[in-house]
Amino acid sequence: MGRATIQEQTGTIGANEVVGNFERINWGPVPNSYHDLGTDLLVLARDARLFDRGLLVGVQVKGGPSFFEEAEVDPENGEVIGWWYREGSVHHFEDWVCHDLPHLLVLHDLDTRVSYWKHVTSDQVSITGKGAKIFVPRSQTIDGDHIDDLLKVAASRRAKISHEGSLWAQGAQAIAPARRLRYALIAPRIIAPHRNAGHEQAITSLEAISLLAEGRIRDLDTFTDKHDSVPSPSECLTSRDWLWRFYGALYLALVEQDASHVQGRVGDAHSDEHRSAACIASVCLLIEAEEHEKANELLSKEIDRDDASPIDFAWLLAQRGRIMAEMGDVDDARDDAARAQRVLIGESGDITATAIKAAATSLLFDTAPWGNRSLKEAAAANDTTISWWRSRNTSIGLSDFFDESFREWAGDGSRLTKFEDIANNRLFSARLNANLVGEHGVWRALSSLLARHTLMDGIKASEDSRSAAAINDLRRSGDASALEKALRRIRRTGPLAGLRDVPAQIETHSWTHTTARSNFAFWEVCGDLLEADQSDRAVQYCMNVLEDSASFSTRVNPTFRINYYVPRAISGLLSSCSDEMHRRVTRFLANSLPLTDIMTISAYGHMISGLRLTAVDDQTSQQNLKHAYTAQQHPKLHFPIARVLAHADEEYKSRLLNAISDGNVDALISLQDLSELDSASAAASSKLLKERLERVIRDAQQGSHSLYELDTGGCLSLISALHPESAEWELIERFLIDEKIPNDAKRQTFISVAHHASSLPHDVKERMRDIATSAPLGKPVDPFFGPPVGAVSVFLSAVTGGISGDALDSVLAQLLVGSVQERCDAAAIMSILRNPDYAITLAALLKDADAYVRISVAGALATWAAESDTQPHPVITQGLKRALEIASTGFQTAMAIANAVVHSSASSATATRLLQPLQEHPSALVRERASAALAKRS
């Protein structure tokens, strides 16, 4: 009988135990006993869910104590950190490095049964004088803790598929069957027929889905019309083919905004890959509808089923992580994203997988603390084929929009036949792609782009519903800055009607990390458009957030200052609130003060200024406000509270005036209406303002121009006009003639003097006339210091008799072709002078290209009519009729008319007729202003 060698027995035991260790991590080792030329095992790689990844690893086993003799020791603690394996020839190392399969060298400890491994690569092999060696670290063992690392080795030599040259046609046949639907959604260019391939051949259901994902609606309609085998979207819903049913449901959701059929495709899917795709599509629609909790439930159900293929499973995980981050569950979101990354190890050849991995990497980057973010890793992960194609779609869309804008700018009136809205469709496709992939940051950016394009296009076409939908999409995108700009523009020019549908979409349970700041911005800018019950709920929600900011922060993980933006939102809402809610706000203030942070104090000051004085004059509200007044000593809030109390309590009015008399500028600012000053406080204010204006002049001599919260020259001139005993006309004159002070800094002073020209002392009026007549019409100034000077010097000159007749007409003609500010000022001059010869010119300015001019003209027409003791000029009457039509759909025009009437001294019937229609205005601020003015006149 033969006798086995110890080496043979040791090698066999080592190889068998290594096989066992691989099997314990659910990998599939296959002994290579027949043709072992340096590869003992061929191992099939599997993931933690036992999915075979289609990857093979070659393994060379070295078992026994002799292979652990050359240990490397950590010099600091004396512990073994690994072992060197040597061979006297480089041939085996050459074979392992150059093999098509990645190879592992495994050193197996027969005593502990632990297998240590090293991936054999050229950069890890060291050439010695007698052969070669490689270091096997003690930290790399074949066990469950190192599955991800082993998978990376297994995938290290997987060939990547090139999609260069695939633009014309690659087709679904080039994609593995179970991956085709995911490709149709995420990489539609691979499946969809080329745009120039024509419509002669009928499309398949997968091609229809890919065309929809590309936003090629016109092509879809053409295929449907030309081929009986291509059903219409509504016909698809009853098709026996699940893919056609899915296409029909998705078409109705994306094109017709009817998303009621998509979730049904999850339940009736015939395969796991179809079910996963339908689930993702449903989730993306729920995200756009702000139904994040429902989306999370749907995803969790699918993930718990644990039937999806590895890439689809990672897809589900990445989308759930995205939603959890939106809902404030950052830790679980990061866990899902990291898990998705691990699942996708070895799938670098699938471009949908690399896109999903990029989304998971972006989520980890966005949710990591600032100091722990790896920009290099995120940038590399996001440099994918799908992102390139998406960027190309975006570029084409924006180029088309730029071309159209340039044609309008150039005045090209030629007819241009366009078969599709390229800008809209390409941006739509890019946004949909980012949503389906789970790239939340990219989806937000593209949603903002598409919403802004739609908004500009909708306003240009006077499509109110389309504009309102775009505003809602802009809000959902989280682009608060763009949203504020859009809202303020619509408030200038209208139409406001569409905006009144937006508040209903702001449901408090649906707030997320993305929408929170935008929701507050909408309430701040357009809170006056809400119905009273909507506004009351919104203010109560805001107060709850301020009282329990920790819970809110947990929910939305805000990146903005809650104590700054939330009070500002309340200030925008208060005008449309019920009186009861105003009283609740006073109770909230009593419990919230004092404050110390200056930004928070500033925001609360806005909120206090929005209180309706008639609503908070009851005993309880007054007590709340008095408590707040006592608690908050900071002057930026202390005196605004006193201003509210002064409406119903003379004691607090006296306190406010006494503080002004003591020279407190914050008290003066909080007064708002300087006509309320008594003689003592007027004298003190005049002294205070004199000192400040002298400092302004001194600074100007030294080349310094400071910004002040209070317009010193304008306020001092107003006090000088109202209280002659405290007048400082010589200083004001010195301020106006100082050439080193920019003209724009003098603007409000000119206006203030002009409005009170009739009450000025004769000598002062003459000197002001001379100053105004000699002042330049305007000169370029740094806009940082305020609005352009416009023509206020002409205004003052005209009302003081410094210019009239042909000379004035000549200057007005110059102003009417000047800047926006000069045209606005020309309208004000004509309305004050009320020369019948100016009526037609003034009314014609209602057609001015700039909204600010049209708003100023509406106010000028109202001033003319309100100040007229007799029936206004017929042209003025007709102009006012048109101005009121404009005012019915816009905010600032309506407010300009209301303010003109409020500030007029006459009590004509015309003024009353102007105010009456404004009582039905969409804006509560306008209604309140008009009603107060009517009450004052009755």
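**View 1. Pro495 in the loop between helix H21 (480–493) and helix H22 (516–526).** Helices are DSSP runs (H or I) of at least four residues and strands are E runs of at least two, numbered from the N terminus. The peptide bond from Gly494 to Pro495 is cis, with omega near -5 degrees. The model is predicted: local features need pLDDT of at least 70, side-chain atom pairs count only at pLDDT 80 or more, and totals for chains, interfaces and linings use all residues. Residues are numbered from 1 along each chain as its sequence is written, and side-chain values use heavy atoms, leaving out hydrogens and water.

**View 2. Cis peptide bond from Leu593 to Pro594.** Omega is near 15 degrees. Pro594 sits in the loop between helix H26 (579–592) and H27.

**View 3. Ser602 in helix H27 (residues 598–609).** Ser602 counts as partly exposed because its relative accessibility is 36%; buried means under 20% relative accessible area, exposed over 50%, and partly exposed in between (1.4 Å probe, protein chains only). Ser510 is 92 residues from Ser602 in sequence, and their C-alpha atoms are 29 Å apart.

**View 4. Asn26, a non-glycine residue with a positive phi of about 70 degrees.** Asn26 belongs to the loop between helix H1 (6–24) and strand E1 (28–31). With 33% relative accessibility, Asn26 is partly exposed.

**View 5. Glu290, a non-glycine residue with a positive phi of about 60 degrees.** The loop between helix H11 (272–288) and helix H12 (292–305) contains Glu290. Glu290 has a relative accessible area of 4% and is therefore buried.
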